Amino acid sequence: MDWINRIKINESSPLQAQGYEDSFGFQRHKPQLMATSHWHGHIEINYLFDCSADYLINGKKIRVPQGRMILFWASIPHQMIAAQGEGEMVNIYIPLQAFLSWKFSNEFISEIFSGEVLVAERLHEGDQILTQLWEHDLATKKITLVTQVIDEIRNRIRRMSLEPFTTFELSSSVKKQGKKSLSGGLSHIRVILKYIADNYDKKITIDQVARETGLHPNYAMKLFHSVMKTSIKQYINKLRLQHAQALLIDTNHAVLTIAMEAGFGSISRFYDIFQREHKRTPQEFRNEFSNP
């Protein structure tokens, strides 16, 4: 329910993760130049309504014309360095575990986690009105409306994935950054994220995850934590919780069935993790949504 309305830049350490990785976010504002690069774990959408902007993305300058929607993984260092026009921008921040649970095509996912900035060739006539509706609905803090906004954001991205879009061919520059870059291990991280997204509802071991990347398990865990700011096990549990929450809200399945389907292995483990995360039982969580 508590959405971020701004990712605050840590001026003393601009490439430090800015936090709030598990929260959605929405911000409408005039384009604001950044003195330094920053990064955070979200998938980020920028709408440019009647304005254009220049970005520095992992050391490469790109120019985004007005009337565009762009999508990128904000874990890659990025910075707005110039803006033109009197319009406004809308920034939307999507937690990575939520984005991966939306099951877009492999090609679309691969573009994003290879470090590309995806640009929709055009906005739709209703996009500006739709973002205004989202802003209004989020301000109400009503569970049903907030959930509807998330569904509509997901569907807008899905439409983008089906329509023509372009990239800035940043992948090669990302791969050449070397070990000192925060995004130097993105190719391995992308493989790990994809493997977890495809298999989180099954039993997964660190050895299995590492085997997918060809890395030593200890190095895989260290690399993952350095980029994602959480452990592989914690990340898997977050995806499972995301799955379980959707089933609790959208189905009448028994809690035991949901625990098994989400990959927890036992009802007791599901209850322990769920209550630790949400401070209430799965049934209490379900009641909250079915009787808001």
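Modeller: Start with lysine 238, whose relative accessibility is 23%.

Biologist: Why is lysine 238 called partly exposed?

Modeller: Buried means under 20% relative accessible area and exposed over 50%, with partly exposed in between (1.4 Å probe, protein chains only). Lysine 238 has 23%, so it counts as partly exposed. This is a predicted model, in which local features need pLDDT of at least 70, side-chain atom pairs count only at pLDDT 80 or more, and totals for chains, interfaces and linings use all residues. Residues are numbered from 1 along each chain as its sequence is written, and side-chain values use heavy atoms, with hydrogens and water left out.

Biologist: What makes aspartate 22 and lysine 238 a salt bridge?

Modeller: The term requires a side-chain nitrogen of Lys or Arg within 4 Å of a carboxyl oxygen of Asp or Glu. For aspartate 22 and lysine 238 the N to O value is 3.2 Å, so the pair qualifies under that definition. Aspartate 22 lies in the segment before strand E1 (25-29) and lysine 238 in helix H9 (residues 232-250), so the pair ties together parts 216 residues apart in sequence. Helices (H or I, at least four residues) and strands (E, at least two) are DSSP runs, numbered from the N terminus.

Biologist: Which helix holds both aspartate 151 and arginine 154?

Modeller: Both lie in helix H4 (residues 143-162), three residues apart, about one turn of the helix.

Biologist: How many salt bridges does a search of the whole structure find?

Modeller: The search finds 11.
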